[in-house]
Amino acid sequence: MFEPLTWALVALSLAAMVFAIVLAARDKRINWTVLGVLGVVEVGLLAQLVIGIVQLVQTSRDVSGPFFVGYLVGSLIVLPLGALWALAEGSRWGAGALAVACLVIPVLELRLHEIWTA
Amino acid sequence: MTDAEATRHGPGRILILVYGIFALAATARAGVQIATQFSDAPIAYVLSAVAAVIYCAATFALAKATRVSRRVATVAIAVELVGVLAIGAFSYAVPDDFPDATVWSHFGQGYGFVPVVLPVLGLLWLGRTS
């Protein structure tokens, strides 16, 4: 695992979550700014997948491969589906739903970190 | 917008998203467990798979939001509530039968206890939008 990337992804997705909560509180729909931030997060997650698999192949430590790769792949699905689901809602609750989707990324990154360092 | 469609709007948007996350998590978890280490804890892993199916059914039924799908969702969520309470209690009473965790072990402790709260919110929301 490339730790700086993990923490950057945690920080960026938490920032996006706060942004989405502010939008929901102000009765706004999600906008391109928050989607742009999440686009950057998604690219980071893709990099994390590649780095993670390369390191998993090279490591001699006993890392649970299937769970590790499962979390890496799973993390890629959350934001696109969450964003589509949020966009289809005309009210503030779309932004609220996107905030929840954003929160999933730090949880997955921390679990990945745990599995890798276990 | 028909009345039934209200199920997937407003706060329902968040509820269904959380259901979707659990559908994804439970399916992935059960898939990995059954594929790689089924013989370690067959009962726990079969229950993991059952939980996954129920989360998927509840997610799609809530998201479809028709009169019929709402009934499917009600049944799925009722089973989910019984499941999480039964497995939760059982995993405390007879820990030896649960050498590895399912989503519902210890009332969903490994998932921040969301699994025990989610079906209650689901049933309340279905009641609210009926």
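## A working chat on a predicted two-chain model

Colleague: How many helices and strands are there in chain B?
Modeller: Chain B has 4 helices and 0 strands. Along the sequence they run in the pattern α-α-α-α. Please keep in mind that this is a predicted model.

Colleague: What confidence does the predictor give, then, for chain B?
Modeller: The mean pLDDT of chain B is 91, and 95% of its residues reach 70 or more. For the complex, the predictor gives an ipTM of 0.93 and a pTM of 0.94.

Colleague: What are the dimensions of chain B along its principal axes?
Modeller: The C-alpha trace of chain B spans about 50 × 25 × 20 Å.

Colleague: Turning to chain A, what is its secondary structure?
Modeller: Chain A comes to 4 helices and 0 strands, and its pattern along the sequence reads α-α-α-α. Its C-alpha atoms fill a box of roughly 50 × 20 × 20 Å along the principal axes. Of the 118 residues of chain A, 38% count as buried.

Colleague: What share of the contacts in chain A joins residues at least 24 apart?
Modeller: That share is 74%, taken among contacts between residues at least 6 apart in sequence.

Colleague: Now α1(A). Which of its residues are buried?
Modeller: The buried residues of α1(A) are A:T6, A:L9, A:S13, A:A16, A:M17, A:F19, A:A20, A:L23 and A:A24.

Colleague: What span should α1(A) have, and how far apart are its ends?
Modeller: The 23 residues of α1(A) should span 33 Å at 1.5 Å a residue, and the end C-alpha atoms are 33 Å apart, so expectation and model agree. Just after α1(A), A:D27 takes a positive phi of about 60°.

Colleague: I am looking at A:V34. Where is it, and is it buried or exposed?
Modeller: A:V34 is in helix α2 of chain A, residues 32-58. It counts as buried because it has 24 C-beta neighbours inside 10 Å, where the cut-off for buried is 20 or more.

Colleague: Which residues is A:V34 in contact with, leaving aside its sequence neighbours?
Modeller: Beyond four places in sequence, A:V34 is in contact with A:A16, A:F19, A:A20, A:L23 and A:L98. A:A16 is 18 residues from A:V34 in sequence, with 6.1 Å between their C-alpha atoms.

Colleague: How many residues does the largest nonpolar core have?
Modeller: The largest nonpolar core has 67 residues, and those with the most contacts inside it are A:A20, A:A97, A:L98, A:A101, B:A26, B:Y55 and B:A58. Two or more residues come from each of α1, α2, α3 and α4 of chain A and from each of α1, α2, α3 and α4 of chain B. The element that gives the most is α4(A), with 12 residues.

Colleague: What does B:Y55 touch?
Modeller: Apart from neighbours within four places in sequence, B:Y55 is in contact with B:Y19, B:F22, B:A23 and B:A26.

Colleague: How many residues does each chain bring to the contact between them?
Modeller: Chain B brings 13 residues and chain A brings 17 residues. The residues on the chain B side divide into 8 nonpolar, 4 polar and 1 charged.

Colleague: Last one: where is B:G110?
Modeller: B:G110 is in the loop between α3 and α4 of chain B. With 15 other C-beta atoms within 10 Å, B:G110 is partly exposed. Its contacts, leaving aside neighbours within four places in sequence, are B:A101 and B:S105.

Terms used. Residues numbered from 1 in each chain as written. Chains lettered and ligands numbered in written order. Predicted model: local features only at pLDDT ≥ 70, side-chain atom pairs only at ≥ 80, totals over all residues. Buried ≥ 20, exposed ≤ 12 C-beta atoms within 10 Å, placed from the backbone. Contact = placed C-beta atoms within 7 Å. Core = buried A, V, L, I, M, F, W, Y, C linked by C-beta atoms within 7 Å. pLDDT = per-residue confidence, 0-100. Expected span 1.5 Å × (residues − 1). Nonpolar A, V, L, I, M, F, W, Y, C, P; charged D, E, K, R; others polar.
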